[in-house]
Amino acid sequence: MMQPQILLLKEGTDSSQGKPQVVSNINACQTIVDAVRTTLGPRGMDKLIVDGRGKATISNDGATIMKLLDIVHPAAKTLVDIARSQDAEVGDGTTSVVLLAGEFLKQLKPFVEEGVHPRIVIKAVRKALAICIENINKLAVTIEKSDTKEHRALLEKCAATAMSSKLIHQQKDFFSKMVVDAVLKLDDLLPLNMIGIKKVAGGALEESELIDGVAFKKTFSYAGFEMQPKQYNPCKIALLNIELELKAERDNAEIRVDNVKEYQKIVDAEWQILYDKLEKIHKSGANVVLSKLPIGDVATQYFADRDMFCAGRVVEEDMRRTMKACGGAVLTTVADLKDNVMGKCDYFEERQIGGDRFNLFKGCAIAQCSVTLVLRGGAEQFLEETERSLHDAIMIVRRTIKNDAVVAGGGAIEMELSKILRDYSRTIAGKEQLLIGALAKALEIIPRQLCDNAGFDATNILNKLRQKHAQGNIWYGVDINKEHIADNFEACVWEPSIIKINALTAACEAASLILSVDETIKSPKSANEMPQAGGMPAGMGRGMGRPF
């Protein structure tokens, strides 16, 4: 008698499991790694990515590339997540973390294919990670914060190392000083949102400047604006969230009047409401009026006649920075405009930078709070990439201030960890010996890829590095400029140790996660999601309320 067939899953469900599924997931991750492999290091190439709307982005930042690639493979999305987490947590090392995760999987793939249980492999990965983190903490060099000059030099070197692989690496000395100045001007919490970055097309990169205070682009203005003063010393600022113009009635509003006098009363009342608001603002003693909502032509002229400056439609982010730097509060009424809710700064001016006018607030009431970087440059894509590069450098400097331990970059720390893991693997028996040996080889991907991207002979340089590390020279890494090896700690190629710890932890977690998945079940799209032959979604095309 035939057994009846048992159906558990919906018809059309795709289910694949076992060893082939793990190998398939590893292969998918390899494809992702190949997409960002060539962007690593000072000689890394850039990627040009065009999205669905035709917007082009040029970048060699791992997290940006991963974000823009519309990846649908469920296992490969894990690599996108670790690149994003590295970017959010540390800011740099996003390409390294993807490369390491991919290389761990590549080196462990033969063991999975030969039938080693994934759980044994994952145990070895976790063991190797623990050894790596322990040794990074031992090897890392801590710089004393008490010596301000030395501490500043350390921050500048870390910022320059972060920018050496970016599009702006030629100007890294210029920008590293600017980035360190910007971060040191913040308060102890180092809030990232208090560093404003504004882009102005035109001019050279060296014309970029750091403004100690808040600066934002001049907003849309009405007639009468040019008659307003463009400088105040000192300055009192009213921050509002009020529309200072005659409001148009809504479409469905209706007022019935039976004579002209009644109509005139309504018009007069509207004007009176506006003038009352303007008079209260003027009496408050404010020189500068900023509002998130529009400030109309009547109000602009009113303020101009009374030597006041106004700007409407100020962006939320700029308003918040002005409020935090100058003090005060954003008000939704003018009834309570007192001194304690107004912002104050020593100096306000409107200044031309390139083709744009900027409103600058300097000497803010709350010192050490906000700075603005104004970037100059040619193409729009170039400015966007410069902004991303500076964001990475700012994150690195913030992290270095909080965790002041540094290690040498350029593949030096990876080679040393590789040697330590290889030595450890020889002291243990069983499968773990082979697995930890494979992970030791995987760590060499960073110096190897640095050489490949620069066009060097990777095998030759890696052999020299292995020899130096075996002799106890722990900081030897790839010297990109001389096509050789060098002591990267002496060469000031420094990176915060937190980058390496974070990257290795994220890469090992991702590798463990992908190795532990042995079955993928993909549900079919439900019928009402499937587009019809005419291209319209199902259920559309009938009249409103018409029965089926």
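We'll visit a sheet, a helix and then one cysteine.

First, some ground rules: this is a predicted model, where local features need pLDDT of at least 70, side-chain atom pairs count only at pLDDT 80 or more, and totals for chains, interfaces and linings use all residues. Residues are numbered from 1 along each chain as its sequence is written, and side-chain values use heavy atoms, with hydrogens and water left out.

Together with β14 they make an open sheet of 3 strands, ordered β5-β14-β6, with mixed pairing. (Strands are DSSP runs of E, at least two residues; helices are runs of H or I, at least four; both are numbered from the N terminus. Two strands pair if DSSP finds at least two bridges between them.)

Look for Leu-210, which stands opposite Leu-373 in β14.

**Stop two: the helix.** Show residues 172-184. This is helix α7, lying across β5, β6 and β14 and running at about 10 degrees to β6. (Angles run from 0 to 180 degrees between N-to-C directions, using axes fitted to C-alpha atoms, for helices over the stretch in contact; contact means heavy atoms within 4.5 Å.)

Is Cys-364 buried or exposed? Cys-364 counts as buried because its relative accessibility is 16%. (Buried means under 20% relative accessible area, exposed over 50%, partly exposed in between, with a 1.4 Å probe and protein chains only.) Cys-364 lies in strand β13, residues 356-364. Leaving aside neighbours within four places in sequence, Cys-364 is in contact with Gly-213, Ala-325, Cys-326, Lys-344 and Cys-345.
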